[in-house]
Amino acid sequence: MKALLLTAVLTLVAALSLALEHQDISGTWYVKAVVTDNDLQKDNRLRKVFPVKVTTLENGDMEVTVTFMKEDKCHQKIIMMQKTDEPGKYTADEGRKLLQVQKLLGTDDFVFYCEDRHHGRLHRMAKIMGRSNVTADPQALEEFKKFVQRKGLLEEAIFMPTQMESCVPAQG
């Protein structure tokens, strides 16, 4: 369950990808690379990812729709992200989750970084997100590696999930 929540939150971070001031990040976003500070990358739920839908609300907050697989069934979760006073930073779950969105220099991609305090432990994850379903270019990956190192995450833990087009959530 922790892995699922962290995955959902980090996918939300993708939604934040364009959270820079006055930039509308509404639309569909694709995950290109992922890194975590624990063994979540070994979890099969992170091996296949779905596009993230982001809707920017009038007050600057965001509604993020995340689709994921659990027990071989498709599920959908809507997460409300509250903007902070700092451009590119959001909170969720009553401030328990902190999200940061940053454009990768020289590319059209963004990095979404999430810190989640759960049962007294800090869990961290970062993703490369973009508007196209094209694999991250080498420059984006190099910039992502620098970001990962600055955050103290392991470069060797970066992996590229399989981007799936869609699935239909279970009803009921």
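From the N terminus on, the elements of the protein follow the order α-β-β-β-β-β-β-β-β-β-α-β, that is, two helices and 10 strands. Helices (H or I, at least four residues) and strands (E, at least two) are DSSP runs, numbered from the N terminus. The model is predicted, so local features need pLDDT of at least 70 and side-chain atom pairs count only at pLDDT 80 or more, while totals for chains, interfaces and linings use all residues. Residues are numbered from 1 along each chain as its sequence is written, and side-chain values use heavy atoms, with hydrogens and water left out.

Confidence is expressed as pLDDT, the predictor's confidence in each residue, from 0 to 100. Its mean over the protein is 81, and 80% of the residues reach 70 or more. Helix 1 (residues 2-15) has the lowest confidence, with a mean of 46, whereas helix 2 (residues 138-150) has the highest, at 94. Over residues 8-22 the pLDDT is below 50; beyond near neighbours in sequence, this stretch has 69 contacts (heavy atoms within 4.5 Å) in the model. Where pLDDT is low, the predicted coordinates should not be read in detail.

Eight of them close into a barrel in the order 1-3-4-5-6-7-8-9, with antiparallel pairing; two strands pair if DSSP finds at least two bridges between them. From one strand to the next, the twist averages 35°. Strand 6 and strand 7, which run antiparallel, are joined by four bridges, and Thr 91 has Leu 98 in strand 7 as its bridge partner. Helix 2 packs on the sheet and touches strand 1, strand 7, strand 8 and strand 9; its direction makes about 165° with that of strand 9. For such angles, axes are lines fitted to C-alpha atoms, for helices over the stretch in contact, and angles run from 0 to 180 degrees between N-to-C directions.

A nonpolar core is a set of buried Ala, Val, Leu, Ile, Met, Phe, Trp, Tyr and Cys residues joined through side-chain atoms within 4.5 Å. The largest such core has 23 residues, and those with the most contacts inside it include Trp 29, Val 52, Met 62 and Met 129. Strand 4 supplies the largest share of this core, four residues. A second, separate core of 16 residues includes Val 111, Ile 128, Phe 144 and Val 148.

How values were computed:
Buried < 20%, exposed > 50% of the residue type's maximum accessible area, 1.4 Å probe, protein only.
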